[in-house]
Amino acid sequence: MLRGSIVTVLSANEQEAFKVASMLGKRDKGEERIYYRKIGDLVRSILIPSPNSILDEAIALSISSSFYFKVSNEITWLDGEKALLLEASGIPGIVLAEGANTFMKYFRELGISKLVAEFKELDAEVSDRGPCVC
């Protein structure tokens, strides 16, 4: 049986999102915004939605098992939008904040404030939901 995870990488800075994705996998030759890595019998797919489309980000998160959120030291309204979206998603993840104190100043009341950490690989196992009844 094939097992895997889908990870979404969000950042207001698109280049930073691609940098995080490249630490998690390699770019799919046919897709600009999808990276992947095979680890044993696990397949990890990494999605980098456009940082300018909250709808694209919401769609990516809705099919993801975990996330990475890269935040610079200068918090913008885009970071706030992404933080609220991640909070609402309820999925596990890692917040990579350049300035943890600055991040906490704005987002300490959100549950994702407990996810601020250094980079590490995170693969949230997705449970088997049984055969498709189509």
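Visitor: Is serine 64 buried or exposed?
Guide: Serine 64 has a relative accessibility of 10%. The cut-offs are under 20% relative accessible area for buried, over 50% for exposed and partly exposed in between, with a 1.4 Å probe and protein chains only. Serine 64 therefore counts as buried.

Visitor: What kind of model is this?
Guide: Residues are numbered from 1 along each chain as its sequence is written, and side-chain values use heavy atoms, leaving out hydrogens and water. Local features need pLDDT of at least 70, side-chain atom pairs count only at pLDDT 80 or more, and totals for chains, interfaces and linings use all residues, as this is a predicted model.

Visitor: Leaving aside its neighbours within four places in sequence, which residues is serine 64 in contact with?
Guide: Contact means heavy atoms within 4.5 Å. Beyond the neighbours within four places in sequence, serine 64 is in contact with Ile6, Val7, Thr8, Leu47 and Ile91.

Visitor: Which backbone nitrogen lies 3.1 Å from a polar atom of the side chain of serine 53?
Guide: Serine 53 is in the loop between β4 (42–47) and α2 (54–62). Its relative accessible area is 18%, so serine 53 is buried. A polar atom of its side chain lies 3.1 Å from the backbone nitrogen of aspartate 56.

Visitor: Which are the buried residues of α2?
Guide: The exposed residues Leu55 and Ser62 are on the face of α2 turned away from its buried side. The buried residues are Glu57, Ala60 and Leu61.

Visitor: What arc do the buried residues of α2 cover around the axis?
Guide: Again, these are Glu57, Ala60 and Leu61. The arc is that of the directions from the helix axis to the C-beta atoms. They lie on the same side of α2, because their arc is only 95°.

Visitor: What covers the buried residues of α2?
Guide: Both strands and a helix take part. The cover includes β1 (3–11), β4, β5 (66–71) and α3 (77–89).

Visitor: Against what do the buried residues of α3 pack?
Guide: The buried residues of α3 are Leu78, Asp79, Gly80, Lys82, Ala83, Leu85 and Leu86. They pack against β1, α2, β5 and α4 (100–107).

Visitor: How far does α3 reach from its first C-alpha to its last?
Guide: α3 has 13 residues. The expected span is 1.5 Å times one less than the number of residues. That gives 18 Å expected, and α3 is close to it, at 18 Å.

Visitor: Which strands stand at the edges of the sheet?
Guide: Six strands form an open, mixed sheet in the order β2-β3-β4-β1-β5-β6. Two strands pair if DSSP finds at least two bridges between them. Each edge strand has a single partner, so one side of each lacks a neighbour in the sheet: these are β2 (26–27) and β6 (93–97).

Visitor: How many bridges join β1 to β5?
Guide: The two strands run parallel. Threonine 8 stands opposite phenylalanine 67 in β5. The number of bridges is five.

Visitor: Which backbone oxygen does the side chain of serine 11 reach at 3.0 Å?
Guide: Serine 11 is in strand β1, and its 5% relative accessibility means that it counts as buried. At 3.1 Å, its side chain reaches the backbone nitrogen of asparagine 13. At 3.0 Å, it reaches the backbone oxygen of lysine 70.

Visitor: How many aromatic pairs does a search of the whole structure find?
Guide: Rings of Phe, Tyr and Trp (its six-membered ring) pair if their centres lie within 6.5 Å; planes under 30 degrees apart count as stacked, over 60 as edge-to-face and the rest as tilted. Across the whole structure, the count is five.

Visitor: What is the angle between the planes of phenylalanine 18 and tyrosine 35?
Guide: Phenylalanine 18 belongs to helix α1 (residues 14–24) and tyrosine 35 to strand β3 (residues 34–39), 17 residues apart. Both are buried. The pair is tilted, 6.3 Å centre to centre, with an angle of 45°.

Note on methods
Helix = DSSP H or I, 4+ residues; strand = E, 2+ residues; numbered from the N terminus. Polar contact = N/O pair within 3.5 Å; in protein donor to acceptor, adjacent residues only side chain to side chain.
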